[in-house]
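Subject: Structure handover

Hello,

Here is the structure you asked about, with the sequence alongside it. My notes on what was found follow below.

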Amino acid sequence: MPSILIKEVHYVSYCTCSFKEVLELLPQPVFRISCAIKSQMLSRDTEYVCFLVFKLSEKCQELHGPVEVRNLLQNNKVVEIVYFRSPSPWNIHDITRVPKQRTDGWMEVNVWKFNSNLELEKDHVLVNLKLTSYEGSMFGLIVCGLEFRPM
């Protein structure tokens, strides 16, 4: 499983997550996801979606607005806008990256799409995403991990 790099984080044990520990973000407006996926783990010439698996703790008072996702490997290009709380129906005209409830009790949101052949570099697909909340911090966001699925 890829690693998620966060400078200010608190590790928490969660029995409902498939990992031993999860990350709970401390007050900060930005966090980065940086990892390398071995090409052997992916099917050739396939479109994949990267989901961030998360929960919001009782302490989380923010994350009501959009969060910008930038791909730092593509000249800091804005990939998409995501939400960790579902926006009001009045505000979701063209928004597709809203959180969805999973059967395991966690939430997931699509943070990135890629093609296994186009993104390949030295037998790996590199991921370097920067998520930024412009409406406060991400305090209380609990990250279980990443899940990569073919489209």
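To start with two residues, F54 and F84 are both buried, where buried means under 20% relative accessible area, exposed over 50%, and partly exposed in between (1.4 Å probe, protein chains only).

Before the rest, a word on the source. The model is predicted, so local features need pLDDT of at least 70 and side-chain atom pairs count only at pLDDT 80 or more, while totals for chains, interfaces and linings use all residues. Residues are numbered from 1 along each chain as its sequence is written, and side-chain values use heavy atoms, with hydrogens and water left out.

Aromatic rings

The whole structure holds 4 aromatic pairs. Rings of Phe, Tyr and Trp (its six-membered ring) pair if their centres lie within 6.5 Å; planes under 30 degrees apart count as stacked, over 60 as edge-to-face and the rest as tilted. One of the pairs is F54 with F84, which is edge-to-face, with 4.9 Å centre to centre and 90° between the planes. F54 lies in strand β4 and F84 in the loop between β6 (77-82) and β7 (100-101), so this pair ties together parts that are 30 residues apart in sequence. Helices (H or I, at least four residues) and strands (E, at least two) are DSSP runs, numbered from the N terminus.

F114 and F148 also form an edge-to-face pair, at 6.1 Å centre to centre and with 75° between the planes. This pair links distant parts of the chain, since F114 is in strand β8 and F148 is in strand β11, 34 residues apart. F114 is buried, at a relative accessible area of 2%. Y48, W112, F114 and F148 make up one aromatic cluster.

Another ring has a charge over it: K55 lies over the face of W106, at 4.8 Å from the ring centre. The test for this is NZ of Lys or CZ of Arg within 6 Å of the ring centre and within 35 degrees of the ring normal.

Overall build

The protein has 0 helices and 11 strands. Of its 151 residues, 44% are buried. Contact means heavy atoms within 4.5 Å. Among contacts with a separation of 6 or more, 70% are between residues 24 or more positions apart. The protein exposes about 8700 Å², and carbon and sulfur atoms supply 52% of that; accessible areas come from the Shrake-Rupley method with a 1.4 Å probe, and for residues only the protein chains shown count as cover.

Nonpolar cores

A nonpolar core is a set of buried Ala, Val, Leu, Ile, Met, Phe, Trp, Tyr and Cys residues joined through side-chain atoms within 4.5 Å. Which residues have the most contacts inside the largest core? They are F31, L52, F84, L131 and L141, in a core of 30 residues. The elements that give two or more residues to this core are β2 (21-25), β3 (30-38), β4 (47-56), β5 (67-71), β8 (107-115), β10 (124-133) and β11 (141-150). β8 gives the most, with 5 residues.

F84 is worth a look on screen. Leaving out residues up to four places away in sequence, F84 touches L52, F54, L56, L63, V67, P99, V109, L131 and L141.

Cysteines

There are 0 disulfides in the whole structure, a disulfide being a pair of cysteine sulfur atoms within 2.5 Å. C35 is in none, and the nearest cysteine sulfur, that of C50, is 6.9 Å away. C35 counts as buried at 9% relative accessibility, and C60 counts as buried at 6%.

Loops

D45 sits in the loop between β3 and β4. Its phi is near 45°, a positive value in a residue other than glycine. D45 is exposed, at 54% relative accessibility. L63 is in the loop between β4 and β5 and also has a positive phi, near 65°. Is L63 buried or exposed? L63 is buried, with a relative accessible area of 1%.

P29 is in the loop between β2 and β3 and is partly exposed, at 42%. P29 and L63 are 34 residues apart in sequence and 9.7 Å apart in space, C-alpha to C-alpha. Not counting residues up to four places away in sequence, P29 touches L131, T132, S133, G136, S137 and M138.

Regards
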